[in-house]
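Colleague: I am new to this one. Please show me how to read it, feature by feature.

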Amino acid sequence: MQIMSRAKKTILSALSGTKTPLDGTIVFTSGATESNNTALLGAVHKSRPHGKKIVSTAIEHPSVAKTLTRLEEDGFEVVRLAPKDHEDFTGALIGAVDENTALVSAMAVNNETGFKIDVPRLYREVKRKNPKTVVHIDAVQGFLKVPLDGDLISVSGHKIHASKGIGALFVKKGRNILPLMLGGGQQGDMRSGTEPIELIAGFEAAVKAYRGDTAKFAELKAYLLDRLTRLDNIGINSEALCVPNIINFSVRGVRSEIMLHSLEEDGIYVSSGSACSRGKKSGVLGALGVSDRDADCAVRVSLCADNTVEELDALCVKIAKTIERVRR
Ligand code: PLP
């Protein structure tokens, strides 16, 4: 129990990104997919009497997107806004909230391009408009990178170098959710099942050990973009409103799978979308304003604290060689 409460404290402090920890509790889950399902299904059942409208985005991870579709089938009206249609996207989400809105669910940082929203502003202004609206944030890519706030916040261990199979859901003080897992009543009856203490201890250790540094990521990103734009026919899909550790670009004329396999030959692992969408075309890039042609050639580089300029050089050399081979 000591391990659990210490881990909760560490995660609560890390979530806010400031010196003041968020006020609430942590429910440990098997990962962010479970956190997202629990948040969405557990939140709207509780708030059902307050309204039937859900405000979300067209760029959510499938664990949110498919759960929203389920809620739509159950009679909720889901509004999905696309960043490409709004200059001030956070403002557009706030603007869509009305007295009938039961829930807002938005990702802090998009997994494919790194596109980010202003989470503290979203939370503050949604609450000002309708205090009954529950705000859920999928913070899998934003945890430890951007400041967070919300009634419910999902995070995942394996995105910060903890084991696979552990995640968490932050639940704001005073908020209640209907549990998905019923059983022995562990974790305040919000998630039954024996707690995986080893995974929880590992999650805490990963939070403490995390060394991602925004300034260093920004330097590496600027370096990579500079090298890439010297090559022919490159489109950049991660612009100013994106976190610096995710860089998405299109090598026009070379389909993503071909580029991925070519890079793999040299032990360079990047992805075509997000690692967890299994290479399926998701429509997310389209909603972010990337053309279909560029989406077919998209490559996503996700940086970690250990990456070096030399590795980025090796990546660019291999990309140039692949372009030469394919376009010949
Ligand atoms: N949400 C986002 C934004 C993700 O990138 C991912 C996967 O990486 C998930 C949810 C699912 O997380 P998990 O693999 O922990 O279930």
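The talk below goes from confidence to domains, then to a helix, a single residue and the cysteines.

Modeller: Some ground rules come before the features. This is a predicted model, where local features need pLDDT of at least 70, side-chain atom pairs count only at pLDDT 80 or more, and totals for chains, interfaces and linings use all residues. Residues are numbered from 1 along each chain as its sequence is written, and side-chain values use heavy atoms, with hydrogens and water left out.

Colleague: What is the average pLDDT of the protein?

Modeller: pLDDT is the predictor's confidence in each residue, from 0 to 100. The average here is 93, and 96% of the residues score at least 70.

Colleague: Where does pLDDT stay under 50?

Modeller: Where pLDDT is low, the predicted coordinates should not be read in detail. That applies to residues 274–279, where pLDDT stays under 50. The model has eight contacts (heavy atoms within 4.5 Å) for them beyond four places in sequence.

Colleague: How is the protein divided into domains?

Modeller: Domain bounds come from an automatic or database domain assignment. Domain 1 covers 2–209 and domain 2 covers 214–327. Contact between them takes 20 residues from domain 1 and 21 residues from domain 2. Their C-alpha centres lie 28 Å apart.

Colleague: Now a helix. Which residues of α3 are buried?

Modeller: Helices (H or I, at least four residues) and strands (E, at least two) are DSSP runs, numbered from the N terminus. Buried means under 20% relative accessible area, exposed over 50%, and partly exposed in between (1.4 Å probe, protein chains only). In α3, the buried residues are S63, V64, T67, L68 and L71. They cover an arc of only 125° around the axis, so they sit on the same side of α3. The arc is that of the directions from the helix axis to the C-beta atoms. On the other side, K66 and E73 are exposed.

Colleague: What follows α3?

Modeller: G75 does, with a positive phi, near 110°.

Colleague: Is E324 buried or exposed?

Modeller: E324 lies in helix α11 (residues 309–327). Its relative accessible area is 55%, so E324 is exposed. E324 and S262 are 62 residues apart in sequence, and 12 Å apart in space, C-alpha to C-alpha.

Colleague: How many disulfides are there?

Modeller: A disulfide is a pair of cysteine sulfur atoms within 2.5 Å. The count comes to zero. For C316, the closest cysteine sulfur is in C304, 17 Å away, too far for a bond. C316 is buried, at 3% relative accessible area, while C304 is partly exposed, at 25%.
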